[in-house]
Protein chains: 2
Amino acid sequence: LGFSAGGVHCGLAKQPDKKDLALIVSEVPCAAAAIYTRNKVKASPLAVTKAHLADGTARAVICNSGNANACSADGEAVARGMCRAAAQALGISPRDVAVGSTGVIGQPLPLEKVAAAAPALKAALEDGWGGSDAAARAIMTTDLSKKELAISFVLGGKTCRLGGIAKGSGMIHPNMGTMLAFLTTDAAVSAPMLQKALRDVTEDTFNMVSVDGDTSTNDMCVVLANGLAGNPIVDAEGPALEDFTGALRAVCTHLAREMARDGEGATKLLTCTVEGAPDTRTARVLSKSVICSNLFKAAMFGADANWGRVLCALGYADADFDISRTGVCFASAAGSVEVCKDGAGVPFSEEQAKRVLGEKEIDIRVSLCQGGGSATAWGCDLTYDYVKINGDYRS
Amino acid sequence: LGFSAGGVHCGLAKQPDKKDLALIVSEVPCAAAAIYTRNKVKASPLAVTKAHLADGTARAVICNSGNANACSADGEAVARGMCRAAAQALGISPRDVAVGSTGVIGQPLPLEKVAAAAPALKAALEDGWGGSDAAARAIMTTDLSKKELAISFVLGGKTCRLGGIAKGSGMIHPNMGTMLAFLTTDAAVSAPMLQKALRDVTEDTFNMVSVDGDTSTNDMCVVLANGLAGNPIVDAEGPALEDFTGALRAVCTHLAREMARDGEGATKLLTCTVEGAPDTRTARVLSKSVICSNLFKAAMFGADANWGRVLCALGYADADFDISRTGVCFASAAGSVEVCKDGAGVPFSEEQAKRVLGEKEIDIRVSLCQGGGSATAWGCDLTYDYVKINGDYRS
């Protein structure tokens, strides 16, 4: 309730007509929280957004694709200029605007294109699905699919809604922040609780995706809560915060999976679940190590049940566990096949393995049998097309 | 002096006639030192070699390709059996034999093939280049080129010789040890000094190579020193150890570069040098981060001067430095092109950049201007062929 969004073509994307400028606006002030990349090279919009969100409130997000506004001499002035353009069109303060960018690093972003498009962008704002769809398309770069989801849930007897859009296809290996994800909710949640929920959820969702092991300079995830649902404000830990966090987790999990599925050049979504780990951290580190292995990703592209590469990736991860109790199973819609038990190979049908690995969604299940820690990580296969896309990204 | 080597086909490699079993022998007992993979999943030959080298002496190395002897139930018994087979043929103790393996993980290694080939292997031993050539070929898997080098140097007035062979093409991201490298010298060096020299040298050589970020279960580097050169034994730190370490570094640097050049699917050798870092560790971490970035490696395949990916990889590395003073330059036999200064892009000729990056050997020079630390890392581009080779490695 109370949010609208839109997207237009302002000329930053190389393709004519591709929407490349998105705007999300709330009718009323929102509690705001955000998480940023851990990359020491941070794109200029991140510093500006951080300053604007320091008071825990915001009303709008403006974001372009086609240019990362990173490593460019006047980047901060340009990012501030984007906020100003949005604020003028909307009649609000620039300090209530968050700004994001995605695209090529190191090229100056022509601010005049954004400023010229601001009135059209305001005119394009729509409530509901239409606006969200346009905004989600406007932040896509090499993405082939749009990532968005909206759900409803109940807080304090009131129905609340929470929706999110995201982009992410290459340079995806978030650590702390993530590619770009913008979430809005009409639930009433205080800024500190919003930040806590977002931090908890990103650990299990965006931080558990890897497409290529490269952490972007522009990763950012922003959530705005405008309170129009009328629920009693969530301003302390407790069951209401848990319910809200659960809703946020559902949306972020979906967006994270969709990013992995749409990894640059990907033909397969890989989901690695590690169970029976000594603790959660171990499970996270191990599942992510499997998902990040180029050798394993290439084997999945070839539907090759090369489980030795799973064990190898577990072995070089920074975690303590007993390899001699480890089991590995591959599963998909075509069934499952156990390939390793107690750290050693077991006989299996290569034919059945080919069938299982021929599907578009592959589960890699690792059982450690040494505790109650578990975690899931998402990734994709490494393909000819990943190389093709990234061999000539700028032109 | 006093070393012979050879290689034969024993039937472990899939290709008929490919040499797949190598032997290196010294006429007299040698001081021995070794470094092993840091992967927690260690192939069985590593445990057996570690036990056999515990007394600091050895006389022979046996090594097969075509099967990694890792994650297999009776792996240690097989590795001990390989030492026994070599020892019987040579008339020495099995405890004086080191053993290595490389190939597919998780498949039982048929020891009888090694045992049956042992007499032929002994008969194939040759001094000098012929034997070294055969042994170097016998340890190759997906390698396209043989890696070997021999040099001579002077210690205590005596001419000493030092030679090495290595293999390594995929699953190359050594941490501590390396793929397989076997080094022999007729210099007299005590086992503790040999170990110290090897540890120092691997930090700057094998540990600075990455092909794909995957650390193998089988990485191992063994050096044997038989003392036949007649130099006063190097048994303490000092100028003689430094001279020996310098010779070892020269051979290991060559082998490390050749591994990177022959990375699976590679078309280009990438050398990243970081200078002006606050300290050596920072320079090492940063140069390796650039060399390991899939995105940057794919850009180099496409001869795309996407320097933003260099800055991005520097930024997510685990090191402290000031990005705003960082410069980047690409260089090759076709000239050089400065692309980034003080952390931001500088105008450059795309035509000249294409020419520079069209060569087979590319230097990436990163200047931090904030100290005296420097380091060099070697890698290769990410290509269609890497994906092809690893999409179907087992069959």
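Let's start with B:Asp363, which forms a salt bridge with B:Arg365, their closest N and O atoms being 3.5 Å apart. By salt bridge I mean a side-chain nitrogen of Lys or Arg within 4 Å of a carboxyl oxygen of Asp or Glu. B:Asp363 is partly exposed at 27% relative accessible area, and B:Arg365 is partly exposed at 40%. For these words, buried is under 20% relative accessible area, exposed is over 50%, and partly exposed is in between, with a 1.4 Å probe and protein chains only.

A quick word on what we are looking at: this is a predicted model, where local features need pLDDT of at least 70 and side-chain atom pairs count only at pLDDT 80 or more, while totals for chains, interfaces and linings use all residues. Residues are numbered from 1 along each chain as its sequence is written, chains are lettered from A and ligands numbered from 1 in the order in which they are written, and side-chain values use heavy atoms, with hydrogens and water left out.

Back to the charges. Over all chains, the count comes to 24 salt bridges. One of them joins B:Lys147 and B:Asp262, at 2.5 Å from N to O. Here B:Lys147 sits in strand S6 (residues 147-155) of chain B, and B:Asp262 in the loop between helix H6 (239-261) and strand S10 (269-277), so the pair links parts of the chain 115 residues apart. Helices (H or I, at least four residues) and strands (E, at least two) are DSSP runs, numbered from the N terminus. Are these two residues buried or exposed? Both B:Lys147 and B:Asp262 are buried.

Now compare a pair in chain A: the side chains of A:Lys196 and A:Asp200 meet in a salt bridge at 3.3 Å, N to O. They are about one helical turn apart, because they lie four residues from each other in helix H5 (residues 191-204) of chain A. A:Lys196 is partly exposed at 23%, and so is A:Asp200, at 33%.

On to the rings. Two rings of Phe, Tyr or Trp (its six-membered ring) pair if their centres lie within 6.5 Å; planes under 30 degrees apart are stacked, over 60 edge-to-face, and the rest tilted. The whole structure has seven aromatic pairs over all chains. In chain A, A:Phe296 and A:Phe330 are stacked, 6.3 Å centre to centre with 15° between the planes. A:Phe296 belongs to helix H8 (residues 294-301) and A:Phe330 to strand S11 (residues 327-332), so this pair ties together parts 34 residues apart in sequence. A:Phe296 is buried at 0% relative accessibility, and A:Phe330 is buried at 0% too. In chain B, the rings of B:Phe296 and B:Phe330 are also stacked, with centres 6.4 Å apart and planes at 15°. There is a ring cluster as well, made of A:Phe301, A:Tyr384, B:Phe301 and B:Tyr384.

How many residues of chain B are in contact with chain A? It is 53, and they touch 52 residues of chain A, contact being heavy atoms within 4.5 Å. Together the chains bury about 4200 Å², 57% of it on carbon and sulfur atoms. Buried area is the accessible area (1.4 Å probe) that two parts lose on being put together, summed over both. Across this interface, the rule finds zero salt bridges.
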